[in-house]
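Reader: I would like a close look at one part of this model. Please keep it brisk and give the cut-offs.

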Amino acid sequence: MRIAMIGSGYVGLVSGACFAQFGHDVVCVDKEEGKIAGLRKGEMPIYEPGLDRMVIDNVRAGRLAFATDLKGAVGNADAVFIAVGTPTRRGDGHADLSYVYAAAAEIADAIRQYTVIVTKSTVPVGTGREVARIIRETQPAAEFDVCSNPEFLREGAAIEDFMRPDRVVIGVETQRARDVMAGVYRPLNLIQTPMVFTNIETAEVTKYAGNAFLATKITFINEIADLCEKVGADVQEVARGIGLDNRIGAKFLHAGPGFGGSCFPKDVRALIKTAQDYDVPMRILEAVEGVNDTRKRAMARKVSAAFAGVLRGKTVAILGLTFKPNTDDMREAPSIPLIMALQDMGAKVRVHDPQGMQQAKQVLSDVTYCDGPYDCVEEADAAVIVTEWEQFRALDFDRLKELMACPVIVDLRNIYRPEDMKQQGFAYTCVGRSSAFQPVAVYVPSGQSTAVAPRG
Ligand SMILES: NC(=O)c1ccc[n+]([C@@H]2O[C@H](COP(=O)([O-])OP(=O)(O)OC[C@H]3O[C@@H](n4cnc5c(N)ncnc54)[C@H](O)[C@@H]3O)[C@@H](O)[C@H]2O)c1
């Protein structure tokens, strides 16, 4: 099959490369000339494990090409996927659909034969119909169907998720479009991937409902974590205890600094707004959004608690900036409001992230970028683990203690065990299981902070 992918960002590029891997002929289109020029040279615009290899192999095999010219790519295609961004619209929180609609108008101009136009971007219910209207209006003679095929891949595991998805959701209205889509995903029949064929509205709602549910699960366990801290319970064990119940499931029950990233925050926001337009207030999601927003900044208080609430003049080392490991994506990362809050409290901030430093430079100011975790903690009064990169899971504690001005660790991902950290001589605090530890250092007005042995 011939596929045109409009938008070669995270989703477009991964989807395009994976469709080529399935054996289809794919052209990935993007407006950004620099991105396309880089891709043609084998340079990836994002960090995603395994992506470079897959792109290079499929380009060599002649199945994958890159273009800035949408017309050429769309003219021959059996299916055209719209994979452009749908960020939060400035001012009102709705999804900004201007890129989707602009792409639809361009596609309409370029169609030369029967084509299935597929929205892969996450779009509010009703967008598929609007795309169809735009195409009909722009080119009344165009022979086409629209389809909704939302994407569920996770950054950091995107290739695996695309090649072995839990399910594929396809909203279509005609048998002809259904046949084309069945052909696009035929290779997944071999691994018996469930295909959910439904109508367009259902497919659109399914994507938002999925993300909103996962965001709710995270927020729920975060609030349970707060309670655990107050009452001497351990949220990790609570999560295990409830997660073993098949009705609940163990995933997305990791307490932490709040959800971020390119999808959950904006999709929760957009679903709330859509529902309001239909006079169906989503009170649970409104609470999820509010709780999550305040949480990220509130994490700074965990750091200041180590110094009796006073961070002025202290140096804080931030380990991990991206919203999750194995990506360089900084969109709505919890590290951003956390760092701003620390700076507001008067702290100097040093940062390190294995992949996200370039992206971080566009959103953070007044921070010192460091080459590695040990460089980052040098002379720091506290180190905060914000992203659970593999590199931070087995830090050399003796080296840390030697380098740090004060052996204080705030572990927002619960990657270490409080007992071990105590034994290593760290003043340590984490999320939802800090009952064993009280404020971890005393502030001495001379400006020196003294770590005290944590009280167990
Ligand atoms: N990132 C994820 O993990 C993820 C997962 C599932 C779904 N989604 C959804 O997929 C969509 C795309 O997300 P993303 O993270 O890949 O976005 P992105 O910002 O990384 O990429 C979008 C790309 O589209 C290009 N573009 C915009 N208008 C264009 C046009 N008219 N012609 C050609 N190119 C155009 C931009 O230059 C950009 O490179 C969003 O709706 C998002 O919600 C994202």
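Which helix do the buried residues of H10 pack against?

Author: They pack against helix H9 (200-231), where contact means heavy atoms within 4.5 Å. Some ground rules come before the detail. This is a predicted model, in which local features need pLDDT of at least 70, side-chain atom pairs count only at pLDDT 80 or more, and totals for chains, interfaces and linings use all residues. Residues are numbered from 1 along each chain as its sequence is written, and side-chain values use heavy atoms, with hydrogens and water left out. Helices (H or I, at least four residues) and strands (E, at least two) are DSSP runs, numbered from the N terminus.

Now H10 itself. Its buried residues are Val235, Ala239 and Gly243. Buried means under 20% relative accessible area, exposed over 50%, and partly exposed in between (1.4 Å probe, protein chains only). An α-helix has 3.6 residues a turn, so residues three or four places apart point the same way. Glu237, Arg240 and Gly241 are exposed on the other side of H10.

Next, the loop between helix H10 (235-243) and H11. Phe252 is found there. The phi of Phe252 is near 60 degrees, a positive value in a residue other than glycine. Phe252 is partly exposed, with a relative accessible area of 28%.

The axes of helix H11 (residues 264-277) and helix H12 (residues 283-304) come within 10 Å and cross at roughly 145 degrees. Axes here are lines fitted to C-alpha atoms, for helices over the stretch in contact, and angles run from 0 to 180 degrees between N-to-C directions. H11 passes H12 in a left-handed crossing. Left-handed means that the near helix is turned anticlockwise from the far one by less than a right angle; clockwise would be right-handed.

Who touches whom? From H11 come Val268, Arg269, Leu271, Ile272 and Gln276. They meet Leu285, Glu286 and Glu289 in H12. By class, the contact of H11 with H12 has 4 nonpolar, 1 polar and 3 charged residues. Ala, Val, Leu, Ile, Met, Phe, Trp, Tyr, Cys and Pro count as nonpolar, Asp, Glu, Lys and Arg as charged, and the others, Gly among them, as polar.
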